[in-house]
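Try each task before you read its solution.

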Amino acid sequence: NLREMVKICCIGAGYVGGPTMAVIALKCPDIQVVVVDISVPRITAWNSDQLPIYEPGLDDVVKQCRGKNLFFSTDVEKHVCEADIVFVSVNTPTKTRGLGAGKAADLTYWESAARMIADVSKSDKIVVEKSTVPVKTAEAIEKILTHNSKGINFQILSNPEFLAEGTAIEDLFKPDRVLIGGRETPGGQKAIQTLKNVYAHWVPEENIITTNLWSAELSKLAANAFLAQRISSVNAMSALCEATGANVSQVAYAVGKDTRIGPKFLNASVGFGGSCFQKDILNLVYICECNGLPEVAEYWKQVIKINDYQKSRFVNRVVASMFNTVSNKKIAILGFAFKKDTGDTRETPAIDVCKGLLGDKACVSIYDPQVTEDQIRRDLTLNKFEWDHPFHVQRPMSPTTVKQVTVVWDAYAATKDAHAICILTEWDEFKTLDYKRIYDNMQKPAFIFDGRNVVDIEKLREIGFIVYSIGKPLDAWLKDMPAIA
Ligand code: UDX
Ligand code: UDX
Ligand code: ADP
């Protein structure tokens, strides 16, 4: 039945839109999926052998469906016009100026997408909010759509995506849950059912949750806030562990054994990064403030404060251990991405750590298996919150900073003649490096600051390294050089 063949169009071919649509296409051969974007290089890359994002398993999924029922195009209006379901997965940066600057979400891209949908539509459509947005955005979008609709029926749904980068394909294949929020009207319920039928191709019915619009929107912000809070909780404990001689891994294991708490997402680190956690919490804080709930806003703000504290505590520890000066010392940075198995550097703690060390005149030599030199140099010149604004000014690095930063393609080159190593991403390959060889080629005393707890402390101490790991008992050297946060 041709009439029932659903056509999907997704606006925004980014980290969320790309993988999500590829998996929908794979699991639903009877559905045509077109991903559109205004960025020509992005779409060109999606149509090439070199996809614009690194994500394990993604190449394979794209290869299986591209050209069959999965297409990437810059002809935004044509494909929106033809679609029955339009997913909107455009960026929602943090506002850098005006009301709510540094907190509120900038909905410029969302609004322009909504107006465009209203302009080009000739048939009824379901419009699905996929990117994380402030609660009640759906209502605003609904207003834009219905006030410009020439009698066309738009149903708006909220269907937040919970995939994590590095495991996106696994997460999409076996999601903990799919969440669909919609209006409680007959039209709204019918739209929910239509979208549910798409996911039901591979997701068990009981894992598809349906709610009202506001619950779906808020659940996404809440889930990210809870996840980030776990990391700040364990990171706060890590500071106390270092002060008392407890071991944060032992504490986290013991705490996580409580089934009410659970063992996952309790790894102490140099701090969380990524495009979502900080942005979504800031957004949540702003919404609380706007709704006259300053106590609630204050509560969630602490999650970000502890994260910032953890990053500066790390830098202080490095500088203090090295006789209070890193000026002109070479420091190897192993890992720049915000987590392993991704080339994404958005909000990566490596940016703050590198900026901190550069501020103290260190020379940093950076190696990450997936991040390009261009990206690293761009990241080190951007100001806070600028990364998600596609048309931000490109600032040149100051000539002194250019000299202070080198980017190399191998851990051995990065560490040669270095005074210290900072491990900032938990890439598997850092566990199996030849640390004896590295030690022999470093200045002495040779320091390792492990921001991800990936190295074997005892082994490295045997080789001769002075080792700092997050939340682990300090060796005598570090105790004598207390880091003041
Ligand atoms: C997150 C959510 O997990 C996902 O559900 C949501 O859709 C988007 O935001 P993502 O940011 O891709 O996903 O990765 P995630 O695995 O959550 O890691 C976020 C940050 O927390 C990383 O910097 C990671 O290194 C850090 N982290 C994670 C820790 O420091 N310790 C942990 O135990 C877990
Ligand atoms: C708690 C710990 O659970 C236990 O492991 C520890 O050894 C002692 O402290 P207890 O105080 O006896 O045990 O009861 P618990 O079930 O944890 O409840 C504590 C309070 O939290 C109660 O007032 C309970 O009503 C409240 N609570 C609990 C909630 O408000 N919401 C919840 O979801 C759970
Ligand atoms: P996410 O991590 O949420 O997927 P990204 O920044 O990776 O976010 O992707 C968002 C994409 O949306 C970008 O590729 C951007 O070019 C695209 N985009 C933004 N506004 C529009 C628009 N009005 N029409 C089409 N694409 C858009």
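**Exercise 1.** How do the residues of the shell around ligand 3 divide into nonpolar, polar and charged?

*Solution.* First, the ground rules: this is a predicted model, where local features need pLDDT of at least 70, side-chain atom pairs count only at pLDDT 80 or more, and totals for chains, interfaces and linings use all residues. Residues are numbered from 1 along each chain as its sequence is written, while chains are lettered from A and ligands numbered from 1 in the order in which they are written.

Next, find the shell: 21 residues surround ligand 3, counting a residue if its C-beta atom, placed from the backbone, lies within 6 Å. Gly12, Gly14, Tyr15, Val16 and Val90 are the closest.

Now sort them: 10 are nonpolar, 9 polar and 2 charged. (Ala, Val, Leu, Ile, Met, Phe, Trp, Tyr, Cys and Pro count as nonpolar, Asp, Glu, Lys and Arg as charged, and the others, Gly among them, as polar.)

**Exercise 2.** Work out where ligand 1 sits relative to the domains.

*Solution.* Start with the domain assignment, automatic or from a database: domain 1 covers 2–203 and domain 2 covers 246–480. Their centres, taken over C-alpha atoms, are 33 Å apart.

Then look at the ligand. Its shell holds 19 residues, and Ala164, Asn267, Ser269, Phe272 and Gly274 are the closest. By class, that's 11 nonpolar, 5 polar and 3 charged.
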